Amino acid sequence: MDVAAGAGRPERVALVSGTSDFGSGFERLIRVPDELRMMKAVLAESAGYTIHPESRLNPRAGDLESSFRRAARGGDDGPPPDVLLFYYSGHAVELSRGRLTIAAADSEKDKGETLVSLDTLFELLVETGEPRPREVIILLDACQAGLAVARLEQRVAEERLRGTRLPVLSAIGAIDRLREAKQLHFVDSFAAALRTTKAEDTEQYLSMERLGTELAARMAKLVGDEGPPTPELLYAFRESKAFLNPRYLGDKQVRRPLEAADSTGWAFCGRGKAVGAVVAYLQGTDPGGLLVTGAAGSGKSVLLDWIHTGAKGVALPPGPDAPEPAPEGCLDLLMDVRGMTPEVAAWSLSAAFPVTEGDARDPQAVVEAVAREAARRTLRLCFDSVDASPTPDALHTSLLAPLAALDNVRVVMAGSQVPPDFAGREVDLDGPEFFAEGDVEALVAHVLRHRRDTNWAHLDQQAVDDIARATAQAAGRSWLRAYLFAVSLSSEDPAKAQVRADRTTADLFLERLRSLDEDEPQWALDLLLPVALAQGEGLPDDGRLWAAVVAEASGRRVSVGELAHVQELAREFLAAPEGGMHGHGWRFQGSPQAEFLVRDKGEAVAHAAFVAALAARLPKRASGGRDWTAADRYTREHFAHHARLAGLLRDYLVEPEFLLMMNSEALNRALILIQEGAGDWVAHVRRLCTELNRADRTDGNTLSRLALLAQVHDLPELARRACEAAIGWQPSLTYHDGPARSVHCVPGGGELLVDDEGEVQHRSASAQPTSWQRLALTWRRDLVTTTSLVDVGGPALLAGEASGRAWIQRMDGEGQEFDDLELDCPLVACRMNEAGLLFAGTEGWQWRQAGVNGPVVPRDRLRFGGATAAVCEGVPHVAARTAREVTVWHADGTFQHTYRPEQKLGLTAIASDDEGVYTGAGDGTVVWRSWDGAWVEDVTRHTSQVTQLHVHTGPDGPLLVSAGKKGDIRLTPLNDGGRPYDLVLGLDVTSVDVDARGQLVVGTSAGVVRITR
């Protein structure tokens, strides 16, 4: 049977699992962890899914079946969701014709009983009398996934012929029936398709057909070994509600205050002058914006609602002295920017004023889109709750003020504070021009007369007016206080009613909540505290987090029925969940009410309970730690805020995955507020997160980069944990006293480095990793500008100086100066090969063979920036680069040719081997050209300027070692059959070398890093 949606039932749940390590017969899939992280993020962020707690990496076959069973049939934690999405990434095997199985961590390829049959999973969806989801989506990211889709299509047809009732079922296979899936192809394309599938703003859900079309179009842009991959699709027979349309506006044209219901007695009273001022501005031509200000409870939002509903022709209930409804069409858009940064507000506004894909979060791009529309017609825009933005000043400066400055655009804002440099008109609802106590009296009287079950309905008008006047005086200028007073009075005996002017709004509100259950006055306060604490869009409407916070804060174990009961009793104070682009979960209608509850409990204690509830919902890893990758959207966006207010945030800053999974903007704001100065270790964590967010986070090595940056910022415990969790390369910061200009691996072990001041440091093979000693340089006289490591009866440093001098020194101190050189300029290269030595400066170069220097070969027009030498077919060759060209000579100075590499920016690095010359450029490209200039080949490409280029000969043959300034390092085999290797370090790179074991030693802006891979 199908289960009808109801209170406590989760709406959308995704079971996201995959396998990277298998039993015998299967190749390891190293990118599956990345695919799961990406899929969890996109489903939670873009599609509103809660990630099922049993979503796992490397589940065993039995665990995979049981987790699917619990997700599809429900379990101890409640009924199944309305919509279940199952994503699996891993290997798939066809056991018999058309029957596909998927491999788990304990699966062996030649043992069919260790594999998981898709037929077995399908049987869990067939009607058996147990609860099931209304809709199921299966995403299979595996080779031959098309076979699975075909098999599901066959099974659906068979069951329909039998008359079986099935869930609404859709399936997408990452690849067609006979081909192999490429890792990350499907996840990348699916994530983009969810954001860009076309749909009208009147459609609440994305069409599966349109989503499939967009997915196929995006995958068609990818390159595969056999051409672009093609997904296989099975569409549901009925309308799908799997994916919300991010552009959906909902059925309601306008926002209405919740108290504007028949049973509350509320009506819009008075305030004609304030309404008139706002409407006059909207219909006028005054430059700049208009700001509606007032303290909490002054009625700013309700005033805007009155104008907006009138503009849309659906006015709110009018009370005594209410102004005429605002003219239809006088306001085009009302947007609540509560909790929005400038980027999020721009994205929301782009729904009405479309921009180019990728620019929706750019405030300037959205302002330009509004300007284009304003060239055709006058636009009237209103933004509520500006002061409730986490960055109200930035929101005003980057978005609202530029909009108000546009010709033909009227902008109304509402907030309790006037933004800096605001130049428009202010309507102060608390000021004498716009506040009239008689308007508040009218509201109190109307509530007393018209509220459902009021005891004042038949009292004479004079008595009602008298109590209303006294109540309004006690309420001051707060419409909220007056309304709460009136609600409380309405149930009292009029003969005994007394106005207590000394009672605060908080007292009255809390008393009202206590009256909801006279036998247990604390009941409603305990149950509503989670709603008061909730941030952003409010509590998720499935009720699970709500119940968990109640349990942590009060010890109460509440049922779904109790939550529904308190929701009904407190409906006048709560904003119920709404769908659509501007939708939200459970939250209080007014922020002061939430503050009253939190203060009553104690802020730190209340938020500590919320933190404990959020943390308890996370699954545990085998190590005992929390699995932050399973954090739902609310946790990722708001955990840091709750932890800060609880005084607990510092406790979580040593957990690497916590830093990675939290919303970066929210975490940064929280860290700023708790750091105790630039030297505080929290400030170091904040800088680490900022740097980490600039780097690639899709290559599977984010934890490795985090471990390195933690060492750079002196965060040893965070570094240790990140290293333990990292599955890629392992970093060790061995030198941290300043930038390293160049590094060299010494044969037999140990390293040399040239620091930023030209000093040379040495670490011997037997020394501790961080034990560096300054090398005494006998012949050094000036700044060292270039170095190379050579063998002259032992490892030796060959160095050139800014004065044109050059020298060589072994580790034992023996060496010599080449005092007969004639290069009176800074040296840019000193190289040795089996034929001789090359000394190159900015003005020319010399070749030294058998102790004799050749003539100086001068530059032509531009200065040399680097040089290299190699022996080709028995003849030593020299190549020198300028910023634009490369010139080739024989070592005796005989000119061969000059060429200009087809690289877009200037040349920045040069290297060579016996076959040709390699050049690196500012555009990140590396190009090879044969010594005779006849052959050209693109070798590799970096994301930034090439800073390092040399040929390393190791046990597996020659490698081209190259690096980009922004940290991407490549090892490119120069013989057939070799496997390239690349990594993104996360620091600026100046130099790279490879030791005898094939491990990397990297000179960076922070020092020397050893990479174990």
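Over the ring of which residue does the charged end of Arg 271 sit? The legends below begin with this close-up; the model shown is predicted.

**View 1. A charge over a ring: Arg 271 and Trp 479.** The charged end of Arg 271 sits over the ring of Trp 479. Its distance from the centre of that ring is 3.6 Å.

**View 2. A charge over a ring: Arg 1013 and Tyr 981.** Here the ring belongs to Tyr 981, and Arg 1013 lies over its face. The distance to the ring centre is 4.6 Å.

**View 3. Helix 9 packs with helix 11.** Helix 9 covers residues 342-349 and helix 11 covers residues 392-404. Their axes are 8 Å apart, and the packing angle is about 35 degrees. On the side of helix 9, the contact is made by Pro 342, Ala 345, Ala 346 and Leu 349. Helix 11 contributes Ala 394, Leu 395, Ser 398, Leu 399 and Leu 403. Sorted by class, the residues in this contact are eight nonpolar, one polar and no charged.

**View 4. A tilted ring pair: Tyr 652 and Phe 658.** The count of aromatic pairs in the model comes to 19. In the pair shown here, the ring centres of Tyr 652 and Phe 658 are 5.7 Å apart.

**View 5. An edge-to-face ring pair: Tyr 735 and Trp 772.** The centres of the rings of Tyr 735 and Trp 772 lie 5.8 Å apart. Their planes are at 75 degrees, so the pair counts as edge-to-face. The pair links distant parts of the chain, as the two residues are 37 residues apart. Tyr 735 belongs to strand 17 (residues 730-735). Trp 772 is in the loop between strand 20 (760-764) and strand 21 (773-774). Both Tyr 735 and Trp 772 are buried.

**View 6. A cluster of aromatic rings.** Tyr 49, Phe 186, Phe 190 and Phe 243 form this cluster. They are linked into it by ring pairs.

Methods
Residues numbered from 1 in each chain as written. Predicted model: local features only at pLDDT ≥ 70, side-chain atom pairs only at ≥ 80, totals over all residues. Heavy atoms only, no water. Axes fitted to C-alpha atoms, helices over the stretch in contact; angles between N-to-C directions. Helix = DSSP H or I, 4+ residues; strand = E, 2+ residues; numbered from the N terminus. Contact = heavy atoms within 4.5 Å. Nonpolar A, V, L, I, M, F, W, Y, C, P; charged D, E, K, R; others polar. Phe/Tyr/Trp six-rings, centres within 6.5 Å; stacked < 30°, edge-to-face > 60°. Buried < 20%, exposed > 50% of the residue type's maximum accessible area, 1.4 Å probe, protein only. Lys NZ or Arg CZ within 6 Å of the ring centre and 35° of its normal.
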